[in-house]
Amino acid sequence: MSSSFDSVGELELHLILSFVDAATTARVACVCSRFKESSSDDSLWTAYCADELGLDEPMYPRDDPAPSFKVAYQAWRTTFGMYPWPLVLRVKRCWDNLKSWLMINFPDVLQTLREGASEEDLDEFERNMGVKLPLPSRVLYRFCDGQEQPRRKLWGLIGGYSYYDHLVNVCLLPLSQIVNETRMITDYMGFSGASRFIVIAASTTYSEKYFFLNCVNGQVYVGTSNLREDGEMMPCVPEAALSSVHGYRQQDAMLLWLEEHGRRLKSGIIGTCQEFKIKSINLFPQLPPNCSTALTCGVQVRASAVLVPEQCDLQGFEDKYLFAYSVRMSLLPDGCTAHGWTYSTCQLFRRHWIIRANENVVNDISGEAVIGQYPLLFPGDKEFVYESCIPIKSPGSIEGSFTFVPGRVLDPRGDSFEAAVSRFPLEIPEYIF
């Protein structure tokens, strides 16, 4: 038998090993000194690192350079050897997706992400809080211990929205702050069942919004307007996804929640916005079907809505839910064309909204201006954006129109025209952020 092994050339052996996984290659290395030498070829480990870890350079888990890909791979396996390897790779992909998007679109937020917590840090955290973290959550914190909290910046990884005087921007909390925030909730908010819950994310603004991880069932929850009174919350991850099994244990919602957030960012469903020179991740959808677009006479109107869970009242008899909506209007570079004439400017004069709950019209509203403003649109200018909110008893939709005057309201250059606002949904999403 040994002679037939000896007849296998180096090229053939290398080819065979290129078709097996890293664990098999490591076992092959134990057969004999020749196989050990062949199994140590760094080109093999380059492929393993690229395929499994997404590494194009040999790096240790703390992002320090390693002398070879084989050494790097062994370091990763040793560092995370106490966890199922498929789970480690999945968590790494989750953070890699978030970080790669941030690097291109919002590097300031990337700089706020902390180094991963150690096993000792996590053990001490669990002792202090009297909880046992779900395994996927624990691995998430091994890779990244939340965010540093920048002052007077809207640099939350989860992001937020604003309307009137309500401004939300949610950061992922580090372990040390989780301890403080969770104890504050327990001490000052009359929060029931505190031993099961920890605060994992919160708004850093004056508007309160808290996300909790239930360390028993693994679900992520967000507090409603009744949180302080009776601990009312909404689940943030579909139960069907939470109960599915991926080979190592029951799902954990925190990982699913962050994976979905990364998917939305990467696909362009949500993105960044900049108001008053302040940049942030904005949760208003930017793509259909949750964002509508209408073009009338050269005026483009985009509109979408987002659930505001922290203002919902699930115990209410009438308006249980509150949605914020964002309307973005602009004039195309060629100006507006109405009634056969082309104009270089137009100004909004009136609005008309039709609001539905479960397909039943519950409100038909007309009035002047939007949030007290009469936006004047110029060709090719950036969008005029305004946000508002609406309480409603059940999911539904909004549609309507804006009356525009060519020229200016006080100096009309032609007859007014209606610019459509296509219907956009008011729906409770599967994943709540």
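Reply: Happy to! Let's start with C94, which is buried, at a relative accessible area of 4% (buried means under 20% relative accessible area, exposed over 50%, partly exposed in between, with a 1.4 Å probe and protein chains only). A word on the basis: this is a predicted model, where local features need pLDDT of at least 70 and side-chain atom pairs count only at pLDDT 80 or more, while totals for chains, interfaces and linings use all residues. Residues are numbered from 1 along each chain as its sequence is written, and side-chain values use heavy atoms, leaving out hydrogens and water.

The closest cysteine sulfur to that of C94 belongs to C144, 10.0 Å away, which is too far for a bond. A disulfide here is a pair of cysteine sulfur atoms within 2.5 Å, and a search of the whole structure finds zero of them. C346 is also buried, at 0%; its sulfur lies 4.2 Å from the closest cysteine sulfur, in C336, again too far for a bond.

C94 is one of the buried residues of α7, among them W85, W95, L98 and W101. Helix α7 covers residues 85-105, and its 21 residues should span 30 Å at 1.5 Å a residue; the end C-alpha atoms are 30 Å apart, so the two agree. That expected span is 1.5 Å times one less than the number of residues.

Stepping back, the chain has 14 helices and 20 strands, taken as DSSP runs numbered from the N terminus (helices H or I, at least four residues; strands E, at least two). Of its 433 residues, 52% count as buried.
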